[in-house]
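The tour goes from one selection to the next and says what to look for at each stop.

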Amino acid sequence: QVQLVESGGGLVQAGGSLRLSCAASGSIFSFNVMGWYRQAPGKQRELVATITRIGTTNYADSVKGRFTISRDNAKNTVYLQMNSLKPDDTAVYYCSAAARFVGQPDYWGQGTQVTVSS
């Protein structure tokens, strides 16, 4: 069983930046895909970004060029650097860990709130 704990959320003005962290209780190297999802009020949870064990990244079109996902296997931590934030980025952000490349993640964090004011 792996626990994922997110941190770094908060309130920021449009155009600002935040860096989210996801600390895992165990080794993240055993997971093929680590990711960040988000869920805004009244909307479904959506994929934001993923990173594979070897560092291949994938981003939602809405965040390309603004967000960067990275991982530090030695620290068992995944990061999401968010720049040029927009009010539409307001959501609860969840970290995820998946053993497989397809299908739903195996583990989820509890989420961290990001609020972007206009």
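Which side chain meets that of Asp106 in a salt bridge? Select Asp106 and Arg100: their side chains form the salt bridge, with 3.3 Å from N to O. A salt bridge here is a side-chain nitrogen of Lys or Arg within 4 Å of a carboxyl oxygen of Asp or Glu. Asp106 is partly exposed, with a relative accessible area of 32%, and Arg100 is partly exposed at 46%. Buried means under 20% relative accessible area, exposed over 50%, and partly exposed in between, using a 1.4 Å probe and protein chains only.

Before going on, note that this is a predicted model, in which local features need pLDDT of at least 70 and side-chain atom pairs count only at pLDDT 80 or more, while totals for chains, interfaces and linings use all residues. Residues are numbered from 1 along each chain as its sequence is written, and side-chain values use heavy atoms, with hydrogens and water left out.

**Stop two: a salt-bridge network**

The whole structure has five salt bridges. Select Arg38, Glu46, Arg66 and Asp89, which are linked in a network of them. Arg38 pairs with Glu46, their closest N and O atoms being 2.7 Å apart. Arg38 is buried at 6% relative accessibility, whereas Glu46 is partly exposed at 36%.

Now keep Asp89 and Arg66, whose closest N and O atoms are 2.8 Å apart in their salt bridge. Asp89 lies in the loop between β8 and β9 (91–98), and Arg66 in the loop between β6 (57–59) and β7, so the pair ties together parts that are 23 residues apart in sequence. The strand labels follow DSSP: strands are E runs of at least two residues, numbered from the N terminus. Asp89 is buried, with a relative accessible area of 1%, and Arg66 is buried at 11%.

**Stop three: a hairpin**

Select residues 67–72, strand β7. In a regular strand the side chains alternate between the two faces of the sheet. The covered face of β7 holds Phe67, Ile69 and Arg71, and the uncovered face holds Thr68, Ser70 and Asp72.

Two strands count as paired if DSSP finds at least two bridges between them. Ile69 stands opposite Leu80 in β8. Four residues lie between the strands of this hairpin, and Asn76 takes a positive phi near 55 degrees.

**Stop four: Val114**

Select Val114, in strand β11 (residues 112–117). Is Val114 buried or exposed? Val114 counts as buried because its relative accessibility is 0%. Show its contacts, meaning heavy atoms within 4.5 Å. Leaving aside neighbours within four places in sequence, Val114 touches several residues, among them Gly9, Leu18, Met82, Asp89 and Tyr93. Val12 is 102 residues away from Val114 along the chain, yet their C-alpha atoms are separated by 7.9 Å.

**Stop five: the disulfide**

Finish with Cys22 and Cys95, which are joined by a disulfide with 2.0 Å from S to S. The rule is a pair of cysteine sulfur atoms within 2.5 Å, and the count comes to one disulfide. The link is left-handed, with -80 degrees about the S-S bond. Cys22 is in strand β3 (residues 18–24) and Cys95 in strand β9, so distant parts of the chain, 73 residues apart, are linked. Cys22 is buried at 1% relative accessibility, and Cys95 is buried at 0%.
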